[in-house]
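Hi everyone, thanks for coming.

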Amino acid sequence: MNGFDIAAVLAAIAAGFGYINHRVLRLPATTGTLTVSLASSLMLLAVDRAFPALRLEEVAAAFLGQIDFNQTLMHGMLSFLLFAGALHVDLEGLLENKWTIGSLATVGVLLSTAIVGVATWWIFSRLGLHLPLAVCLTFGALISPTDPIAVMGLLKELRAPRGLESQIAGESLFNDGIGVVVFFAMVSIAGLSPSGHMPPGAAGVLTFFAREVIGGVALGLALGSVGYRALKSINDHSLELLITLALAMFVYSLAFWIHVSGPIAVVVAGLLIGNPGRQFAMSDRTREHVDAFWSMIDEILNAVLFLLLGLQVLAMPRGAQTIGAGLVAIPVTLLARLISVAAPVAVMSVRGRLVRGLVPILTWSGLRGGLSVAMALSLPTFPGREILLACTYAVVVFSIIVQGQTVRRVLTYYRVGEHGA
């Protein structure tokens, strides 16, 4: 099958599953698509076990084998999804909470990486799974950042106060960029990167981190400013749409070419276009078209992404040992998230009053998604890779289905939301 055929099949399946969810389950679109996709995959496995002559799993695996999930997300869909999300984030609210967001996106990610890595290394060794500490820290790096795609989908369903929404959205948009940088650093330290993303030594780590983060911010500001000036100089909604599309694609692509953080660069560019760009460089008609266009892109790509996540169960390793490791990873990741949120928030609380219940709210709303799966799938073959894949998938499915469906209850408990404080 060629690329168009694969895209056609995925679009058709995503539309069908979306219809089933809309008519039967009535769950939020992303959660519903993942749930139907996951259930369909499990049913296919059950039918294949009952009627092995049909070879359904083999056919499905062959189809999925033509789709490189890591490349599809990391070098394709992610630029559009991050740009679409950043367009609708309130920059003023982001700046008001910059210290909390900054600490969660940096200190929080590093702390969570360390906790998850050390905890899984210790627990796995007790279970007879002897993985090197550096490999477990690599798992901590890929599972620690909350996924902006999953979180932005969640925020569409919630009506939280502006400050809380800015903190959740801001952290998810920036900590994925930080998380990718930390992941590449740990991959190099663990010896899992043949090409070497990072120079050796502590100085190499700091240089790599600074280049990726600072370079990503600088690139996003530079090209975002160019896009802003171009939008401000014309009044043609079709051309302005094309400029926003080109900006999202070119910023992300160029970032990889010059070795800076693509996610951070495209988020910064999106924030610039979505705030001063929306206010000063677009007419009312252009704003309507831009919002409609990027909302459509966001909905379509989210449907396909969560469909692929559900289908990935067909490619995930199975067995008592890997399933057990996956179940262990869920509470470990939640505990690490709690500690990595509580520590920065405790420090930030001395600066002023924070939202009631901020720590449990941020802990439970910290969803993991396709970004973590993509990073796990990018790892080369090595002893223990299947364990990391199973752990990643277990945490992602739990966070989207269980946490995503119950986070509104957490907001209600703390009286945060439409009628809360």
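Let's start with the secondary structure: the protein chain has 17 helices and zero strands. Helices here are DSSP runs of H or I with at least four residues, strands are runs of E with at least two, and both are numbered from the N terminus.

A word on the source: this is a predicted model, where local features need pLDDT of at least 70, side-chain atom pairs count only at pLDDT 80 or more, and totals for chains, interfaces and linings use all residues. Residues are numbered from 1 along each chain as its sequence is written, and side-chain values use heavy atoms, leaving out hydrogens and water.

Now the overall form. The C-alpha trace spans about 60 × 50 × 50 Å along its principal axes. Of the 421 residues, 53% are buried; buried means under 20% relative accessible area, exposed means over 50%, and partly exposed is in between, using a 1.4 Å probe and protein chains only. Among contacts between residues at least 6 apart in sequence, 81% join residues at least 24 apart, a contact being heavy atoms within 4.5 Å.

Let's zoom in on helix α14, residues 320-348, where we find Arg337. Is Arg337 buried or exposed? Arg337 is buried, because its relative accessible area is 4%. Leaving aside residues up to four places away in sequence, Arg337 touches Thr146, Glu171, Leu362, Thr363, Gly366 and Arg368. Ala320 lies in helix α14 too, but Ala320 is exposed, with a relative accessible area of 72%. From Ala320 to Leu164 is 40 Å in space, C-alpha to C-alpha, and 156 residues in sequence.

Finally, the aromatic rings. The whole structure holds seven aromatic pairs: rings of Phe, Tyr and Trp (its six-membered ring) pair if their centres lie within 6.5 Å, with planes under 30 degrees apart called stacked, over 60 edge-to-face and the rest tilted. Take Phe83 and Trp294: their ring centres are 4.9 Å apart and their planes are at 50°, so this pair is tilted. Phe83 sits in helix α4 (residues 69-87) and Trp294 in helix α13 (residues 284-311), so the pair ties together parts 211 residues apart in sequence. Both Phe83 and Trp294 are buried. Then there are Tyr413 and Tyr414, an edge-to-face pair with 4.9 Å centre to centre and 85° between the planes. Tyr413 counts as exposed, at 61% relative accessibility.

One last thing to look for on the screen: ring pairs link Phe80, Phe83, Phe293 and Trp294 into a cluster.
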